[in-house]
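This report describes selected features of one protein chain. Please examine the sequence and the structure shown below before reading on.

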Amino acid sequence: LFPQSRNSRRENQYGRGLSCKMSTSRMRLLFALFFFLSAAFLSGSSRLRKLPTAPCLSKAWDALCIAEKSNSSLLAYSKCRVRPENRANWIADTRVVTDETIRARGLVSLSDKLSIGSSLDTSAGFCDQIVPAFTVCTDRKELDLFKFASWIDLFEHVRKPPGVILAEHVLEHFSPSQVLHLAAAAFLSLQPGGVFRVAVPDGYKPSPSYQQWVRAGSTPSGLGNRHIVTYNVDSLIPIFRSVGFQIKLREYFDFSGRFISAPDAYVDDRAYGKITRSWRHDFRNAEGFPLPWSPNPKSTKKDLLNDTRVGEPVY
(Lines give C-alpha, C1' and ligand atoms only; values in the text may rest on other atoms or scores of the structure.)
Protein backbone atom coordinates (compact mmCIF):
# COMPACT_ATOMS: atom_id res chain seq x y z
CA LEU A 1 0.00 0.00 0.00
CA PHE A 2 2.99 2.30 0.28
CA PRO A 3 5.10 3.20 -2.78
CA GLN A 4 8.73 2.32 -2.28
CA SER A 5 11.80 4.00 -3.71
CA ARG A 6 15.51 3.89 -3.03
CA ASN A 7 16.58 5.58 0.22
CA SER A 8 12.96 6.04 1.20
CA ARG A 9 12.41 3.11 3.55
CA ARG A 10 12.47 3.82 7.24
CA GLU A 11 11.54 2.13 10.43
CA ASN A 12 9.27 3.89 12.89
CA GLN A 13 6.81 3.28 15.65
CA TYR A 14 4.16 2.23 13.13
CA GLY A 15 6.20 -0.59 11.59
CA ARG A 16 8.76 -1.17 8.88
CA GLY A 17 8.90 -0.18 5.26
CA LEU A 18 6.74 2.95 5.25
CA SER A 19 7.82 5.28 2.47
CA CYS A 20 8.15 8.91 3.52
CA LYS A 21 10.66 10.21 1.02
CA MET A 22 10.86 13.99 1.36
CA SER A 23 14.03 15.05 -0.44
CA THR A 24 14.18 14.19 -4.15
CA SER A 25 11.86 16.85 -5.51
CA ARG A 26 11.61 19.69 -3.04
CA MET A 27 8.52 21.78 -2.60
CA ARG A 28 9.18 25.07 -4.28
CA LEU A 29 7.60 28.43 -3.92
CA LEU A 30 7.88 31.39 -6.25
CA PHE A 31 6.49 34.74 -5.30
CA ALA A 32 4.30 37.04 -7.19
CA LEU A 33 5.95 36.93 -9.59
CA PHE A 34 5.85 33.43 -8.47
CA PHE A 35 6.23 30.78 -5.86
CA PHE A 36 6.61 27.26 -6.67
CA LEU A 37 6.56 24.29 -4.44
CA SER A 38 7.16 20.63 -4.81
CA ALA A 39 7.24 17.75 -2.39
CA ALA A 40 7.79 14.03 -2.36
CA PHE A 41 5.58 12.12 -0.02
CA LEU A 42 3.04 9.33 0.31
CA SER A 43 -0.17 10.22 -1.40
CA GLY A 44 -3.13 8.83 -3.27
CA SER A 45 -6.67 8.97 -1.94
CA SER A 46 -7.26 5.30 -2.73
CA ARG A 47 -4.77 4.60 0.11
CA LEU A 48 -6.64 6.66 2.67
CA ARG A 49 -7.03 3.89 5.20
CA LYS A 50 -3.25 3.53 5.42
CA LEU A 51 -2.08 7.09 4.81
CA PRO A 52 -2.77 8.48 8.28
CA THR A 53 -0.31 6.06 9.91
CA ALA A 54 2.67 7.45 7.99
CA PRO A 55 4.57 9.91 10.22
CA CYS A 56 5.45 12.22 7.31
CA LEU A 57 1.72 12.83 6.74
CA SER A 58 0.73 13.57 10.33
CA LYS A 59 1.06 17.37 10.03
CA ALA A 60 -1.16 17.55 6.96
CA TRP A 61 -3.73 15.20 8.50
CA ASP A 62 -3.80 17.22 11.70
CA ALA A 63 -4.45 20.41 9.69
CA LEU A 64 -7.38 18.71 7.99
CA CYS A 65 -8.81 17.60 11.33
CA ILE A 66 -8.63 21.17 12.62
CA ALA A 67 -10.15 22.65 9.47
CA GLU A 68 -12.98 20.20 9.00
CA LYS A 69 -13.84 19.99 12.68
CA SER A 70 -13.53 23.71 13.42
CA ASN A 71 -17.29 24.04 13.99
CA SER A 72 -17.51 20.85 15.97
CA SER A 73 -16.35 19.76 19.40
CA LEU A 74 -12.90 19.19 20.80
CA LEU A 75 -13.87 15.53 21.17
CA ALA A 76 -14.62 15.29 17.46
CA TYR A 77 -11.22 16.78 16.66
CA SER A 78 -9.50 14.38 19.06
CA LYS A 79 -11.17 11.38 17.45
CA CYS A 80 -10.14 12.60 14.02
CA ARG A 81 -6.55 13.16 15.13
CA VAL A 82 -6.08 10.02 17.23
CA ARG A 83 -8.04 7.63 15.01
CA PRO A 84 -7.67 9.13 11.52
CA GLU A 85 -8.68 5.88 9.83
CA ASN A 86 -12.17 6.36 11.28
CA ARG A 87 -12.29 9.85 9.79
CA ALA A 88 -11.21 8.48 6.41
CA ASN A 89 -13.91 5.82 6.51
CA TRP A 90 -16.52 8.40 7.52
CA ILE A 91 -15.58 10.65 4.59
CA ALA A 92 -15.72 7.72 2.18
CA ASP A 93 -19.18 6.66 3.39
CA THR A 94 -20.88 10.09 3.48
CA ARG A 95 -19.64 11.91 0.40
CA VAL A 96 -21.78 12.82 -2.61
CA VAL A 97 -20.25 12.50 -6.08
CA THR A 98 -21.48 15.03 -8.66
CA ASP A 99 -21.86 14.55 -12.42
CA GLU A 100 -19.13 17.15 -12.91
CA THR A 101 -16.76 15.14 -10.72
CA ILE A 102 -17.45 12.00 -12.73
CA ARG A 103 -16.73 13.95 -15.92
CA ALA A 104 -13.46 15.28 -14.46
CA ARG A 105 -12.39 11.77 -13.39
CA GLY A 106 -12.11 10.79 -17.04
CA LEU A 107 -9.59 13.58 -17.61
CA VAL A 108 -7.50 13.07 -14.45
CA SER A 109 -7.17 9.41 -15.39
CA LEU A 110 -5.30 10.57 -18.51
CA SER A 111 -3.36 13.59 -17.21
CA ASP A 112 -1.66 14.21 -13.86
CA LYS A 113 -1.51 17.99 -14.44
CA LEU A 114 -4.12 19.92 -12.41
CA SER A 115 -4.88 23.66 -12.43
CA ILE A 116 -7.08 25.02 -9.63
CA GLY A 117 -8.90 28.32 -9.24
CA SER A 118 -8.53 29.49 -12.84
CA SER A 119 -12.35 29.80 -13.28
CA LEU A 120 -12.12 27.17 -16.03
CA ASP A 121 -13.71 23.72 -15.77
CA THR A 122 -13.76 20.39 -17.58
CA SER A 123 -16.86 21.04 -19.71
CA ALA A 124 -14.67 21.68 -22.78
CA GLY A 125 -12.17 18.93 -21.99
CA PHE A 126 -8.51 19.66 -21.32
CA CYS A 127 -7.21 23.23 -20.88
CA ASP A 128 -3.81 24.82 -21.54
CA GLN A 129 -2.73 26.03 -18.09
CA ILE A 130 0.28 23.72 -17.54
CA VAL A 131 0.69 21.49 -20.59
CA PRO A 132 -1.24 22.79 -23.63
CA ALA A 133 -4.37 20.72 -24.34
CA PHE A 134 -3.42 18.25 -21.59
CA THR A 135 -4.18 20.02 -18.28
CA VAL A 136 -7.24 19.40 -16.11
CA CYS A 137 -8.74 22.73 -15.01
CA THR A 138 -11.24 22.31 -12.18
CA ASP A 139 -13.92 24.60 -10.84
CA ARG A 140 -15.76 24.13 -7.54
CA LYS A 141 -18.28 21.77 -9.16
CA GLU A 142 -15.50 19.28 -9.88
CA LEU A 143 -13.22 19.95 -6.91
CA ASP A 144 -14.19 21.82 -3.76
CA LEU A 145 -10.78 22.87 -2.47
CA PHE A 146 -11.95 23.07 1.15
CA LYS A 147 -13.60 19.65 1.44
CA PHE A 148 -11.16 16.79 1.57
CA ALA A 149 -13.98 14.43 0.57
CA SER A 150 -14.06 16.27 -2.76
CA TRP A 151 -10.36 15.53 -3.32
CA ILE A 152 -11.09 11.89 -2.56
CA ASP A 153 -14.02 11.85 -4.96
CA LEU A 154 -11.87 13.11 -7.81
CA PHE A 155 -8.73 11.05 -7.31
CA GLU A 156 -9.58 7.82 -5.51
CA HIS A 157 -10.11 5.80 -8.70
CA VAL A 158 -7.11 7.28 -10.51
CA ARG A 159 -4.17 4.96 -11.05
CA LYS A 160 -1.72 7.90 -10.93
CA PRO A 161 -2.48 10.77 -8.50
CA PRO A 162 -1.73 14.36 -9.60
CA GLY A 163 1.94 15.10 -10.19
CA VAL A 164 1.60 18.87 -10.67
CA ILE A 165 -0.89 21.33 -9.19
CA LEU A 166 -0.86 24.95 -10.36
CA ALA A 167 -2.49 27.91 -8.60
CA GLU A 168 -1.67 31.25 -10.23
CA HIS A 169 -3.11 34.27 -8.40
CA VAL A 170 -5.62 32.16 -6.49
CA LEU A 171 -4.54 31.99 -2.85
CA GLU A 172 -4.85 35.75 -2.23
CA HIS A 173 -8.62 35.22 -2.44
CA PHE A 174 -8.44 32.83 0.55
CA SER A 175 -7.76 33.38 4.24
CA PRO A 176 -4.68 31.80 5.88
CA SER A 177 -6.82 29.08 7.48
CA GLN A 178 -8.32 28.25 4.08
CA VAL A 179 -4.87 28.11 2.49
CA LEU A 180 -3.75 25.77 5.28
CA HIS A 181 -6.73 23.51 4.58
CA LEU A 182 -6.00 23.51 0.84
CA ALA A 183 -2.27 22.88 1.34
CA ALA A 184 -2.97 19.89 3.59
CA ALA A 185 -5.42 18.37 1.12
CA ALA A 186 -2.96 18.86 -1.74
CA PHE A 187 -0.11 17.34 0.27
CA LEU A 188 -2.16 14.21 0.93
CA SER A 189 -3.30 13.96 -2.70
CA LEU A 190 -0.14 14.57 -4.75
CA GLN A 191 1.95 11.63 -5.95
CA PRO A 192 5.50 11.09 -4.59
CA GLY A 193 7.73 13.83 -6.00
CA GLY A 194 4.69 15.96 -6.83
CA VAL A 195 4.90 19.72 -7.40
CA PHE A 196 2.57 22.45 -6.19
CA ARG A 197 3.37 25.63 -8.10
CA VAL A 198 1.96 28.81 -6.61
CA ALA A 199 1.94 32.45 -7.71
CA VAL A 200 0.44 35.31 -5.68
CA PRO A 201 0.65 39.12 -5.68
CA ASP A 202 3.69 40.03 -3.60
CA GLY A 203 3.07 41.98 -0.40
CA TYR A 204 6.70 43.11 -0.29
CA LYS A 205 6.71 44.76 -3.73
CA PRO A 206 7.64 48.41 -3.03
CA SER A 207 5.35 50.14 -5.56
CA PRO A 208 2.64 52.02 -3.58
CA SER A 209 0.15 51.92 -6.47
CA TYR A 210 0.66 48.18 -6.86
CA GLN A 211 -0.01 47.61 -3.15
CA GLN A 212 -3.11 49.81 -3.34
CA TRP A 213 -4.38 47.71 -6.22
CA VAL A 214 -3.76 44.23 -4.69
CA ARG A 215 -4.71 45.10 -1.08
CA ALA A 216 -7.36 43.17 0.84
CA GLY A 217 -10.83 44.10 -0.36
CA SER A 218 -9.69 44.92 -3.89
CA THR A 219 -9.47 43.13 -7.24
CA PRO A 220 -12.36 40.70 -7.54
CA SER A 221 -11.86 37.33 -9.21
CA GLY A 222 -13.90 36.11 -12.15
CA LEU A 223 -16.49 34.89 -9.64
CA GLY A 224 -16.49 38.16 -7.71
CA ASN A 225 -14.45 37.00 -4.71
CA ARG A 226 -12.14 39.86 -3.77
CA HIS A 227 -8.63 39.68 -2.37
CA ILE A 228 -8.57 38.70 1.29
CA VAL A 229 -4.83 38.67 2.04
CA THR A 230 -1.72 40.11 0.39
CA TYR A 231 0.82 37.36 1.05
CA ASN A 232 4.60 37.71 1.07
CA VAL A 233 7.63 35.48 1.40
CA ASP A 234 7.38 35.51 5.21
CA SER A 235 3.65 34.88 5.55
CA LEU A 236 2.85 32.21 2.95
CA ILE A 237 5.83 29.87 3.24
CA PRO A 238 5.19 28.89 6.90
CA ILE A 239 1.67 27.70 6.00
CA PHE A 240 2.95 25.21 3.43
CA ARG A 241 5.94 24.20 5.50
CA SER A 242 3.68 23.45 8.49
CA VAL A 243 1.98 20.58 6.64
CA GLY A 244 5.26 19.06 5.41
CA PHE A 245 6.16 20.80 2.16
CA GLN A 246 9.75 21.72 1.41
CA ILE A 247 10.13 25.13 -0.20
CA LYS A 248 12.12 26.38 -3.19
CA LEU A 249 11.81 30.12 -3.86
CA ARG A 250 11.86 31.18 -7.50
CA GLU A 251 10.99 34.90 -7.66
CA TYR A 252 10.02 37.26 -4.86
CA PHE A 253 10.65 40.50 -3.04
CA ASP A 254 12.30 40.34 0.36
CA PHE A 255 11.42 42.43 3.43
CA SER A 256 13.60 45.32 2.25
CA GLY A 257 11.83 45.44 -1.13
CA ARG A 258 14.75 43.88 -3.03
CA PHE A 259 13.66 41.85 -6.07
CA ILE A 260 15.19 38.36 -6.29
CA SER A 261 14.93 36.03 -9.28
CA ALA A 262 16.66 32.65 -8.95
CA PRO A 263 18.90 31.53 -11.85
CA ASP A 264 16.61 28.53 -12.38
CA ALA A 265 13.35 30.47 -11.97
CA TYR A 266 12.02 29.54 -15.41
CA VAL A 267 13.73 26.24 -16.25
CA ASP A 268 10.68 24.11 -15.35
CA ASP A 269 8.00 26.15 -17.11
CA ARG A 270 7.22 23.47 -19.67
CA ALA A 271 6.85 20.78 -17.03
CA TYR A 272 5.11 22.71 -14.24
CA GLY A 273 3.37 25.59 -16.02
CA LYS A 274 4.31 29.09 -17.16
CA ILE A 275 3.38 31.83 -14.71
CA THR A 276 1.98 34.54 -16.96
CA ARG A 277 2.16 37.19 -14.22
CA SER A 278 5.93 37.03 -13.70
CA TRP A 279 8.98 39.16 -14.53
CA ARG A 280 9.78 37.37 -17.80
CA HIS A 281 6.29 36.53 -19.02
CA ASP A 282 4.15 39.56 -18.07
CA PHE A 283 3.81 41.94 -21.03
CA ARG A 284 3.65 44.94 -18.67
CA ASN A 285 7.32 44.44 -17.83
CA ALA A 286 8.38 45.07 -21.44
CA GLU A 287 10.61 48.09 -22.02
CA GLY A 288 8.61 51.09 -23.11
CA PHE A 289 5.28 49.85 -21.77
CA PRO A 290 3.17 52.99 -21.17
CA LEU A 291 2.29 53.94 -17.61
CA PRO A 292 -0.04 54.72 -15.89
CA TRP A 293 -2.17 51.70 -16.80
CA SER A 294 -5.32 50.01 -15.55
CA PRO A 295 -5.76 46.21 -15.50
CA ASN A 296 -9.52 46.71 -15.80
CA PRO A 297 -10.40 47.76 -19.36
CA LYS A 298 -13.73 49.21 -18.15
CA SER A 299 -12.06 51.44 -15.57
CA THR A 300 -11.18 55.08 -16.14
CA LYS A 301 -8.89 55.02 -13.09
CA LYS A 302 -5.21 54.30 -13.76
CA ASP A 303 -4.22 51.85 -11.05
CA LEU A 304 -0.56 51.17 -11.84
CA LEU A 305 1.55 54.32 -11.77
CA ASN A 306 5.17 54.84 -12.67
CA ASP A 307 6.26 54.61 -9.03
CA THR A 308 8.55 51.58 -9.23
CA ARG A 309 12.14 51.58 -8.03
CA VAL A 310 15.12 51.04 -10.34
CA GLY A 311 15.20 47.33 -11.21
CA GLU A 312 11.69 46.67 -9.86
CA PRO A 313 9.40 44.93 -12.35
CA VAL A 314 6.14 46.73 -13.06
CA TYR A 315 4.23 43.54 -12.25
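## Burial and the overall chain

A residue is called buried when its relative accessible area is under 20%. By this criterion helix α5 is mostly covered, since 8 of its 8 residues are buried. They are F148, A149, S150, W151, I152, D153, L154 and F155.

The model is a predicted one. Its chain contains 9 helices and 10 strands. Of the 315 residues in the chain, 51% are buried.

## The packing of α5 and α6

Two packed helices are described by the angle between their axes and by the distance between those axes. Helix α5 spans residues 148-155 and helix α6 spans residues 176-189; they pack at an angle of about 30 degrees, and their axes are 10 Å apart. Angles under 35 degrees count as roughly parallel, and α5 and α6 are therefore roughly parallel to each other. Their crossing is right-handed.

Which residues make the contact? On the side of α5 they are F148, W151 and F155, and on the side of α6 they are H181, L182, A185, A186, L188 and S189. Sorted by class, the contact of α5 with α6 has 7 nonpolar residues, 2 polar residues and no charged residues.

## Aromatic pairs

A pair of aromatic rings is described by the distance between the centres and the angle between the planes. Across the whole structure, a search finds 16 aromatic pairs. One of them is formed by W151 and F155; this pair is tilted, with 6.3 Å from centre to centre and 40 degrees between the planes. Both residues belong to helix α5, where W151 and F155 are 4 residues apart, about one turn of the helix. W151 has a relative accessibility of 0% and therefore counts as buried. F155, at 4% relative accessibility, counts as buried too.

A further pair is formed by F240 and F245, whose ring centres are 5.8 Å apart; the planes stand at 55 degrees, so this pair is also tilted. F240 and F245 are both buried. Ring pairs join F240 and F245 with F187 and F196 into a cluster.

## A contact across the sequence

W61 is located in helix α1, which covers residues 58-68. Its relative accessibility is 3%, so W61 counts as buried. How far apart are W61 and A184 in sequence and in space? They are separated by 123 residues in sequence, while their C-alpha atoms are 6.8 Å apart.

## Backbone exceptions

Most residues other than glycine have a negative phi, and most peptide bonds are trans. Some places in this model depart from these patterns. The peptide bond from L291 to P292 is cis, with omega near 5 degrees. P292 is found in the segment after α9 (269-272).

S119 lies in the loop between β4 (113-116) and β5 (136-138). With a relative accessibility of 47%, S119 counts as partly exposed. A133, which is likewise not a glycine, has a positive phi of about 60 degrees. A133 is also placed in the loop between β4 and β5.

Notes:
Residues numbered from 1 in each chain as written. Predicted model: local features only at pLDDT ≥ 70, side-chain atom pairs only at ≥ 80, totals over all residues. Heavy atoms only, no water. Axes fitted to C-alpha atoms, helices over the stretch in contact; angles between N-to-C directions. Helix = DSSP H or I, 4+ residues; strand = E, 2+ residues; numbered from the N terminus. Parallel < 35°, antiparallel > 145°, perpendicular 65-115°, else oblique. Left-handed = near helix turned anticlockwise from the far one by under 90°. Contact = heavy atoms within 4.5 Å. Nonpolar A, V, L, I, M, F, W, Y, C, P; charged D, E, K, R; others polar. Phe/Tyr/Trp six-rings, centres within 6.5 Å; stacked < 30°, edge-to-face > 60°. Buried < 20%, exposed > 50% of the residue type's maximum accessible area, 1.4 Å probe, protein only.
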